[in-house]
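Let us walk through this structure step by step. Keep the sequence beside you as you read.

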Amino acid sequence: MQKVAWTELIVAILAAILVTAIYPWLGQGALGGFGVLGFAGVTVLFLRRRGNTVVTDERDRQIDERARLRAISTAWMMLFLCLLVIIGWANSSNGHVVPTAMLTWLVWIHFTICLAVKGIAALLIYRKQEHAAQN
Amino acid sequence: MRNHIRELRSAAKGMTQQDLADRVGVTRQTIVALEGGAYTPSLALALRISQIFGKAVEDIFWLED
């Protein structure tokens, strides 16, 4: 379902743009901009059956599974790398203290990355299959 | 994995990709991917397709070297 992948990617990009845009004015309050990620829920509207038309099938589920695996792996790896950097920074220059606000940002940024990577991975798999089918 | 779906479909009184998709319960895009060899079907889908054409699975699908 390419519509779902596009929606997830667009929602993740919109959230990142919104948070970046309002951060200079709102500071920590800009975290609220990540609420836009909730719009990813509209993807269920694309999955509603219309009459006897098949909306999704085994290929869509397989692609969704592969994309989700890539997204979670990427976000998980980045989370650990970021935590290593933060711990290093806190130990060397911040008196062994990690601000909780920083962790909150980290979690939200990784939700956004996860959604964006899932969208991109799904779109790439769909495109690769379409390209292969044409040859 | 390669297959004879396109040939069988044409032989079956010009059955369209959408007709086949509706009969086996998948989207037309999946039939396109199948015919192009870009997607390997599940065993259940391969069996449903073989039922539609009245042939054995191995007569429709084969492994590429």
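Start where the two chains meet. In this predicted model, 13 residues of chain B are in contact with 10 residues of chain A. Putting the chains together buries about 1,000 Å² between them. Carbon and sulfur atoms give 52% of that area.

Now look at the chain B side. Which residues of chain B lose the most area to chain A? They are Thr27(B), Ala38(B) and Tyr39(B). Together these three account for 44% of what the chain B side buries.

What kinds of links cross the interface? Between chain B and chain A, the count of salt bridges is 0. Polar contacts do occur: 5 residue pairs are found across the interface, with both partners at pLDDT 80 or more. Helix H3 of chain B, residues 28-35, gives the most to the side that touches chain A. Its share is 4 residues. Sort the residues on that side of chain B by type, and you get 7 nonpolar, 6 polar and no charged.

Next, move to the cores. In soluble globular proteins, nonpolar side chains tend to be buried together. The largest nonpolar core here has 25 residues. Inside this core, Phe34(A), Leu37(A), Trp105(A) and Leu115(A) have the most contacts. Helix H1 (2-26), helix H3 (58-93) and helix H4 (100-134) each supply at least two of its residues. H4(A) gives the most, with 8 residues.

Zoom in on one member, Leu37(A). Set aside its neighbours within four places in sequence. Leu37(A) is then in contact with Val11(A), Ala12(A) and Ala15(A), and also with Trp108(A), Phe111(A), Thr112(A) and Leu115(A). There is also a second, separate core, of 17 residues. Among them are Ile5(B), Met15(B), Phe53(B) and Phe61(B).

Gly119(A) sits in helix H4 of chain A. Is Gly119(A) buried or exposed? Its relative accessible area is 0%, so Gly119(A) is buried. Which residues does Gly119(A) touch, leaving aside neighbours within four places in sequence? Gly119(A) is in contact with Ala5(A), Glu8(A) and Leu9(A). Now find Ala67(A). Gly119(A) and Ala67(A) are 52 residues apart along the chain, yet 7.3 Å separates their C-alpha atoms.

Terms used: Residues are numbered from 1 along each chain as its sequence is written. Chains are lettered from A and ligands numbered from 1 in the order in which they are written. This is a predicted model: local features need pLDDT of at least 70, side-chain atom pairs count only at pLDDT 80 or more; totals for chains, interfaces and linings use all residues. Side-chain values use heavy atoms; hydrogens and water are left out. A nonpolar core is a set of buried Ala, Val, Leu, Ile, Met, Phe, Trp, Tyr and Cys residues joined through side-chain atoms within 4.5 Å. Buried means under 20% relative accessible area, exposed over 50%, partly exposed in between (1.4 Å probe, protein chains only). Contact means heavy atoms within 4.5 Å. Buried area is the accessible area (1.4 Å probe) that two parts lose on being put together, summed over both. A salt bridge is a side-chain nitrogen of Lys or Arg within 4 Å of a carboxyl oxygen of Asp or Glu. A polar contact is a pair of N or O atoms within 3.5 Å; within protein, one must be able to donate a hydrogen and the other to accept it, and residues adjacent in sequence count only if both atoms are side-chain atoms. Ala, Val, Leu, Ile, Met, Phe, Trp, Tyr, Cys and Pro count as nonpolar, Asp, Glu, Lys and Arg as charged, and the others, Gly among them, as polar.
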